[in-house]
Amino acid sequence: MSKLPYDEILRVLVDHAWDQEVRWPHIEAWAKNFDGSALPLDEEQQYVMLTLSRFMYFGKRLVREMLKSLYRDHFKSVLMQRIRRNCGNTKDQALLQNLYKKELEGTRFLGVGNPSESGAHLLYYFRQVNYLGKKLFADVAASFSPQVDRTPGSLGYIYVPKEVGVSRYVFFDDMVGSGSQATQYLSPYLRNMRKLNANIDLRYLCLFATTEGLKRLNQPAMFDGNAACLFELDETYKCLEDGARYFLGAPAWFDLSLLRKIIDTYASRMSKHNPYGFSNCQLMLGFSHNTPDNTLPIFWYGEKDAQWDPVFLRYDKQYA
């Protein structure tokens with residue numbers, strides 16, 4: 001194949017920013033998907049390779065560093081500040097560390113979804129990089145016993161904690177897009193957990209979240225302000241909207257409407273998927289362990305028998 005547009009930039013990304021987790025043959029195969037159906041071939045290739053060079057990819061090393069930051073900045077620091085304030089702003093480090101240890105013993109970290117999904121998968125590395133004990137990690141089934149709610153007029157269950165002394169449950173995931181899936185999955189659990197103990201401490205941590213998704217998770221019926229992320233994706237991360245930060249400083253020839261035309265043209269090859277990503281999130285974001293479906297499918301689509309070569313393959317959930 002002849003030299004691709006942005007060849008040198010992309011080779012630097014492959015070797016350094018992407019840690020060779022994405023190989024050059026993957027990029028060449030992906031480029032061949034674009035056959036000039038939307039624009040003259042050379043122009044189309046120039047657009048898609050520029051777009052690829054602006055993709056936000058997070059490899060294994062970077063994800064592990066982010067897991068350290070997430071724990072330090074959005075869990076440990078928050079508790080330490082509260083402990084210190086409750087102790088008259090003491091500077092006694094031995095006292096503070098002892099009290100923090102007790103708070104940690106009363107905490108359980110729970111992956112969102114079943115144990116095979118990405119949130120639970122990343123909890124393994126979260127535990128490793130932050131030197132946390134295995135007993136601090138569980139799932140809903142191991143942490144609660146569902147009992148029929150016999151309160152007159154009530155329906156459903158009460159979730160009774162299995163461990164005495166544990167009052168804080170931190171749900172964990174890698175990415176929150178629109179927040180609709182997390183809300184739909186978690187809201188029944190949270191409601192049943194609060195029936196017995198209105199003061200139970202329920203929190204949510206994730207690496208990335210859109211502003212919309214984070215707002216939804218912080219509603220009173222969900223985590224009531226206790227959902228936090230390391231990296232918030234505001235409206236400027238929608239790559240096909242005017243002012244998208246991915247294309248700030250783009251070449252003079254770049255026209256966002258022509259990129260939209262390319263994506264719309266190839267949408268028919270993406271099966272049932274929204275060409276702009278799930279819930280129209282329009283992200284250009286991926287991880288070494290998977291690519292969110294909120295990202296444009298042109299990057300990740302690769303279902304069985306698909307006539308498309310992805311560059312950042314997504315492993316779809318199989319529910320059957």
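Two residues are in contact here when they have heavy atoms within 4.5 Å of each other. That idea runs through this report on a predicted model, so it is handy to have it in mind from the start.

**The chain as a whole**

The chain holds 11 helices and 9 strands. Along the principal axes, its C-alpha atoms fill a box of roughly 65 × 50 × 30 Å. Of the 320 residues in the chain, 46% are buried. Contacts reach across the sequence too: among those with a separation of 6 or more, 64% join residues 24 or more positions apart.

Let's begin with helix 10, which spans residues 256-266. Its buried residues are Leu256, Leu259, Ile262, Ile263 and Tyr266. Looking down the axis of helix 10, you would find these buried residues within an arc of 115 degrees, so they line one face of the helix. What do the buried residues of helix 10 pack against? Their partners are helix 3 (41-53) and helix 11 (297-300).

**Aromatic rings**

The count of aromatic pairs comes to 36. Two of them are set out below.

| Pair | Centre to centre | Angle between planes | Geometry |
|---|---|---|---|
| Tryptophan 30 and phenylalanine 34 | 5.0 Å | 75 degrees | edge-to-face |
| Tyrosine 159 and tyrosine 189 | 5.8 Å | 75 degrees | edge-to-face |

In the pair of tryptophan 30 and phenylalanine 34, both residues are buried. Why does the pair of tyrosine 159 and tyrosine 189 tie together parts that are apart in sequence? Tyrosine 159 belongs to strand 5 (residues 157-161) and tyrosine 189 to helix 8 (residues 180-196), so the pair links parts that are 30 residues apart in sequence. Tyrosine 159 is buried, with a relative accessible area of 13%, whereas tyrosine 189, at 22% relative accessibility, counts as partly exposed. The cut-off matters here, because buried means under 20% relative accessible area.

There is also an aromatic cluster, formed by Tyr47, Phe58, Phe208, Phe231, Tyr237, Tyr246, Phe247, Trp253, Phe254 and Phe287.

Phenylalanine 58 sits in strand 1 (residues 56-58) and is buried, with a relative accessible area of 10%. Setting aside residues up to four places away in sequence, phenylalanine 58 touches Val63, Met66, Phe208, Leu285, Gly286, Phe287 and Ser288.

Is asparagine 294 buried or exposed? At 6% relative accessibility, asparagine 294 counts as buried, and its place is the loop between strand 9 (285-287) and helix 11. Beyond its neighbours within four places in sequence, asparagine 294 is in contact with Met175, Gly177, Ser178, Tyr276, Gly277, Phe278, Cys281, Gln282 and Leu283.

Cys281 and Leu283 turn up again in the lining of the largest cavity, together with Thr210, Thr211, Glu212, Leu233, Asp234, Glu235, Tyr237 and Lys238. By class, that lining has 4 nonpolar, 2 polar and 4 charged residues. About 90 Å³ of space lies in this cavity, and a search of the whole structure finds 1 cavity of 30 Å³ or more.

**Two loop residues to look at**

Most residues other than glycine have a negative phi. Tyrosine 131, however, has a positive phi, near 55 degrees. You will find tyrosine 131 in the loop between helix 6 (118-129) and strand 3 (137-138), where it is exposed, with a relative accessible area of 79%. Aspartate 224 also has a positive phi, near 50 degrees, and is located in the loop between helix 9 (211-217) and strand 8 (227-233).

Methods
Residues are numbered from 1 along each chain as its sequence is written. This is a predicted model: local features need pLDDT of at least 70, side-chain atom pairs count only at pLDDT 80 or more; totals for chains, interfaces and linings use all residues. Side-chain values use heavy atoms; hydrogens and water are left out. Buried means under 20% relative accessible area, exposed over 50%, partly exposed in between (1.4 Å probe, protein chains only). Helices (H or I, at least four residues) and strands (E, at least two) are DSSP runs, numbered from the N terminus. The arc is that of the directions from the helix axis to the C-beta atoms. On a 1 Å grid over the protein atoms alone, a cavity is a set of points where a 1.4 Å probe fits but cannot get out, and a pocket is an open set with protein on both sides within 12 Å along at least five of seven lines; lining residues have an atom within 4 Å of a point. Grid points are joined across faces, edges and corners, and a volume is the space filled by probe spheres set on the points. Ala, Val, Leu, Ile, Met, Phe, Trp, Tyr, Cys and Pro count as nonpolar, Asp, Glu, Lys and Arg as charged, and the others, Gly among them, as polar. Rings of Phe, Tyr and Trp (its six-membered ring) pair if their centres lie within 6.5 Å; planes under 30 degrees apart count as stacked, over 60 as edge-to-face and the rest as tilted.
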